[in-house]
Amino acid sequence: MLDSIHVRRYILRRCELRRILYRYMSTKKTLTDYAFDILSSAGKSAAFNDLFEAAAEAAGIPESLKKVKKRKLYGELNDDSRFVSLPGNVWDLKNRVKFED
């Protein structure tokens with residue numbers, strides 16, 4: 001049977017683990033973040049394959065995971081409102097593209 005001291009220690013350990021996990025998750029960049037940084041610094045649009053390769057290299061993704069991560073990045077770029085898909089599978093930042101009404 002657990003006494004109150006053990007229960008308090010258990011709760012404190014769980015809270016500390018949550019704080020550490022939150023700190024780690026909030027500072028880790030996603031592939032989409034890397035893609036945003038790459039397009040921002042390049043100042044021009046990029047083909048998806050080139051953008052993925054640059055983002056994967058920046059993130060340190062191993063070759064064994066690239067196929068899966070490539071599909072995931074494509075979906076994330078479509079969902080992220082910061083990006084826009086242009087003809088020819090070229091991607092750019094939405095704030096740089098002029099749209100006609």
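Mentor: Lys-66 forms a salt bridge (a side-chain nitrogen of Lys or Arg within 4 Å of a carboxyl oxygen of Asp or Glu) with Glu-53, and the closest N and O atoms are 3.2 Å apart. This pair links distant parts of the chain, since Lys-66 sits in helix 4 and Glu-53 in helix 3 (residues 48–59), 13 residues apart; helices (H or I, at least four residues) and strands (E, at least two) are DSSP runs, numbered from the N terminus. Lys-66 is buried at 14% relative accessibility, whereas Glu-53, at 37%, is partly exposed, where buried means under 20% relative accessible area, exposed over 50% and partly exposed in between (1.4 Å probe, protein chains only). The model is predicted, so that local features need pLDDT of at least 70 and side-chain atom pairs count only at pLDDT 80 or more, while totals for chains, interfaces and linings use all residues. Residues are numbered from 1 along each chain as its sequence is written, and side-chain values use heavy atoms, with hydrogens and water left out.

The count of salt bridges comes to 7, and one of them brings together the side chains of Asp-33 and Arg-82, with 3.5 Å from N to O. Because Asp-33 lies in helix 2 and Arg-82 in the loop between helix 4 and strand 2, the pair ties together parts that are 49 residues apart in sequence. Both partners are partly exposed, Asp-33 with a relative accessible area of 26% and Arg-82 with one of 29%.

Val-84 has Asp-92, in strand 3, as its bridge partner, and in the hairpin, with 3 residues between the strands, Gly-88 takes a positive phi near 85 degrees. Asp-92 also takes part in a salt bridge with Arg-96, at 2.5 Å from N to O; here Asp-92 is buried at 8% relative accessibility, while Arg-96 is partly exposed at 30%. Elsewhere, salt bridges with shared partners join Asp-33, Asp-80 and Arg-82 into one network.

Turning to the rings, there are 4 aromatic pairs (rings of Phe, Tyr and Trp, its six-membered ring, with centres within 6.5 Å; planes under 30 degrees apart are stacked, over 60 edge-to-face and the rest tilted). The ring centres of Phe-48 and Tyr-74 are 5.1 Å apart and their planes stand at 85 degrees, so this pair is edge-to-face, and it links distant parts of the chain, with Phe-48 in helix 3 and Tyr-74 in helix 4, 26 residues apart. Phe-48 counts as buried at 4% relative accessibility, and Tyr-74 as partly exposed at 34%. Tyr-74 pairs with Trp-91 as well, and because their centres are 5.7 Å apart and their planes at 90 degrees, that contact too is edge-to-face. It links helix 4, which holds Tyr-74, to strand 3, which holds Trp-91, across 17 residues of sequence, and Trp-91 is buried, with a relative accessible area of 1%. Taken with Phe-52, these residues form a cluster, in which ring pairs link Phe-48, Phe-52, Tyr-74 and Trp-91.

Note on methods
Two strands pair if DSSP finds at least two bridges between them.
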